Amino acid sequence: MGLIDNIGLGFSVALSAINLLYCLAGVFLGTLIGVLPGLGPTATIAMLLPVTFTLPPVSALIMLSGIYYGSQYGGSTTSILVNVPGEAASVVTALDGYQMALKGRAGVALATAAIGSFFAGTVATVILALFAPPLAEIALKFGPAEFFSLMVLGLLASLVLARGSLLHATGMVVLGLLLGLVGADVNTGTQRYTFGIPQLADGIGFVVVAMGMFGLAEVIRNLENEDDRPTIISKITTLMPTKEDWKRIIGPILRGTAIGSALGILPGSGSILGSFAAYAIEKKVSKNSAEFGKGAIEGVAAPESANNAGAQTSFIPMLTLGIPSNPVMALMIGAMVIQGIQPGPSVITEQPALFWGIIVSMWIGNLFLVILNLPMVGMWVKIVSVPYQYLFPAILVFCGIGVFSLNNTEFDVYLMALFGLVGYIFVKLDCEPAPMLLAFILGPMMEEYMRRALLLSRGDPMIFLQRPISATMLALAALAIIVASLPMFYKKREETFRE
Amino acid sequence: MIHRISRLLVSALVFLGAAQAYAEQYPAKVITIIVPFAAGGPSDTIARLTAQAMGTILKGTMIVENVAGAGGTIGAARLTQAKPDGYTLFIHHIGHATAPALYRKLSYDAMSDFEPVGLINDGAMTFVARKDFPAKDLKELLAYVAANKDKVNMANAGVGSASHLCGMLFMSALKTDLTTIPYKGTGPAMNDLLGGQVDFMCDQTTNTTSHIKAGKIKVYGVTTPKRIASMPEVPTMNEAGMPNFTVTVWHALYAPKGTPKAIVDQLSKALQDALKDPTLKQRFADLGSEPVAQERATPEALRVQLKSEIEKWGPIIKNAGVFAD
């Protein structure tokens, strides 16, 4: 009864002409910045913050949320078309999405991403409406020990991401962990590997590394073999998934949505972890696991669903507790405060129109997004047919603008160029950047949580086994290692990857 | 040689530019305020509210540029490289006074490289604990901490953060060392306090008020000399049993060294008027903070405040043996 009333209230707010307009404006803008590589939702929302001062609070937040989840839709576009992940969560989409594009199936990949995102977004919105407060309470049960064990599990998954040799992948994981060490140590403030450069004090930005290693390296590689590109264009066939494709994506979309929704609730890098985990699991369970990394449609459907589901459920801690789970949520909290709304547990009871209005608007926004995006698939695909001599300078310019806008510093642009070169060298050495990137994200978090857990236990490592959730995850990790190292499975793995 | 000529040329141009801007009505173009923290945080909010109100008064546009990193020192260094023409300003909090002690290799001098414009606000901090923490009030908390020195965990938002400073002051007042659990920012720290993973911390009202009001955490006192309007029932730390324990998270506006005095005065006047704006006052109150009195929104008052805070925190930080670099 209460829920139906609340949803009714939400609809009455979200369906008002002005809020519909701001929702549409938000998702449109979100799609646009998602498509532009590097220009992420954080920079855009920060720039638009002053504009929202004059809007009514609900409209302002509806628009800002629209930008965020809209960008998750759009983020996959450049990953698929030009191998430039616009934001962290689309790194995995690039693995198979770009391969699909090279095979002339860019349209199908984009459509799959949109369909998966829509389904995931809808389901996650329902979860948000039904269970937000209890889920937030559960997320609070996750202490440092639990997070550490979750990261261990995640790091193991990174090895699954690799297409080539296990040795190369392990080397890249170690490199990622080392890169993640750069910056001030959380506990003591001691600088590590910063060489006295203040811009490195807070570590290397993820987007900087991702755009360099994927986007720039790919540009260099393409310029090397000039006649690679024209062959792709001629191969574009269908835009929409076939019946066979549909059969293959249903499972991944469902699993991706479940994984993404669950991990999105956790503070930190929930939605990033979600897309990596969804991809890794899909690669394990899929009948077509041999195709992964060579353009498997499952490899697009699963992470895209996970990342959109996670984007929606990451609102849960923000809306119910006033705790930001990522920089975008921190901006949303800032927007609320400027509007005179104190974010926190009281928002649901004191501002029901705001809370339910935002939730319902998310569903409407997802509908807008799929309507906006599906017809645009045909248009985006044409981007690939732009002659590469015009396309690549555009890619470079957008990467440069995007990276600069993160911290308003040109240092990041130089750093991205450096990682572009490094990425190119790794391409030549047959080393995959994806496991490195996951380790780069997870490494510092793992260290932080481990040291925090040990501080709390006064150095007793048993804390990881005494807490049931943590122990279960470590047991799963141990099981995964045992299974992977059994000779029979090892052989099978070799076959899978050596093909 | 070429270098010297070009430098001469540049300074001539700067001088001409400044002279021209000076001849025109100030502000003739957009004024940028550097905020050395990420957008959306409490300091950013304070800066944006101030920028908006001052912009209206100066009949110009003020925009906020977030240059985050290294505890605010990157943003501060950026200001010292800006033209002293009144078009690049800087808003920072108490961290500007603690940076000289925390960072051994600063590229600037926190006092002499900045032209103080005026203080903006005094923000309160609250001493809070997890919901099921046994102590009822501050006296019980002090007794409990004394008896369980090795068991209690105090959270903070990372090296150099306001919660870290407050925690250091707490330990220095108790003449003891406690296990401190550092986080990357106040959000994750509050998350673990709500989840009962850590025992207590001292954090800005911006982050604690809604949780205190919802009964999710316990509060023992506010760190300002006087009680605060948004939670009048909460005693000050002095009243609750720790005399001389005061921390305020104050924000202030600075210009680069060498900004013409006429412009600094104009800015200071605009700041004083902005701080009387009812919307700004209301928003500040929502954040558990209040604008400073008119006579403190002046260059002289800020100079005195900055000097005394540098002198207050320097020894505390040095005794704790803490460095951020």
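1. The domain bounds used in this note come from an automatic or database domain assignment. The model itself is predicted.

2. For chain B, the assignment gives domain 1 as 2-123 + 249-320 and domain 2 as 125-240. Taken over C-alpha atoms, the centres of domain 1 of chain B and domain 2 of chain B are separated by 29 Å.

3. Contact between these domains involves 18 residues of domain 1 of chain B and 15 residues of domain 2 of chain B. On the side of domain 1 of chain B that touches domain 2 of chain B, at least two residues each are supplied by α4 (95-102), β4 (114-123) and α12 (299-320) of chain B. α12(B) has the largest share of that side, five residues. By class, this side of domain 1 of chain B has 10 nonpolar, seven polar and one charged residues.

4. Between the chains, 49 residues from chain B and 41 residues from chain A make up the contact. On the side of chain B that touches chain A, two or more residues come from each of α2 (42-58), β2 (62-66), α3 (73-80), β7 (179-182), α7 (186-194), α8 (205-213) and α11 (278-286) of chain B. Which element gives the most to this side of chain B? It is α7(B), with six residues. The side of chain B that touches chain A has 19 nonpolar, 19 polar and 11 charged residues.

5. In chain A, helix α3 (residues 41-52) packs against helix α15 (residues 327-338) at an angle of about 5°, and their axes are 9 Å apart. α3(A) is therefore roughly parallel to α15(A). From α3(A), P41(A), T42(A), I45(A), A46(A), L49(A) and T52(A) meet P327(A), V328(A), L331(A), G334(A) and A335(A) of α15(A). Sorted by class, the contact of α3(A) with α15(A) has eight nonpolar, three polar and no charged residues.

6. α15(A) also packs with helix α4 (residues 57-82) of chain A: the two axes come within 10 Å and cross at roughly 170°. Angles over 145 degrees count as roughly antiparallel, so α4(A) is roughly antiparallel to α15(A). A60(A), L61(A), L64(A) and Y68(A) of α4(A) make this contact with V328(A), M332(A), A335(A) and M336(A) of α15(A). The residues of the contact of α4(A) with α15(A) are eight nonpolar, no polar and no charged.

7. V328(A) and A335(A) of α15(A) take part in the contact with α3(A), and V328(A) and A335(A) are also among the residues in the contact with α4(A).

Methods:
Residues numbered from 1 in each chain as written. Chains lettered and ligands numbered in written order. Predicted model: local features only at pLDDT ≥ 70, side-chain atom pairs only at ≥ 80, totals over all residues. Contact = placed C-beta atoms within 7 Å. Helix = DSSP H or I, 4+ residues; strand = E, 2+ residues; numbered from the N terminus. Nonpolar A, V, L, I, M, F, W, Y, C, P; charged D, E, K, R; others polar. Axes fitted to C-alpha atoms, helices over the stretch in contact; angles between N-to-C directions. Parallel < 35°, antiparallel > 145°, perpendicular 65-115°, else oblique.
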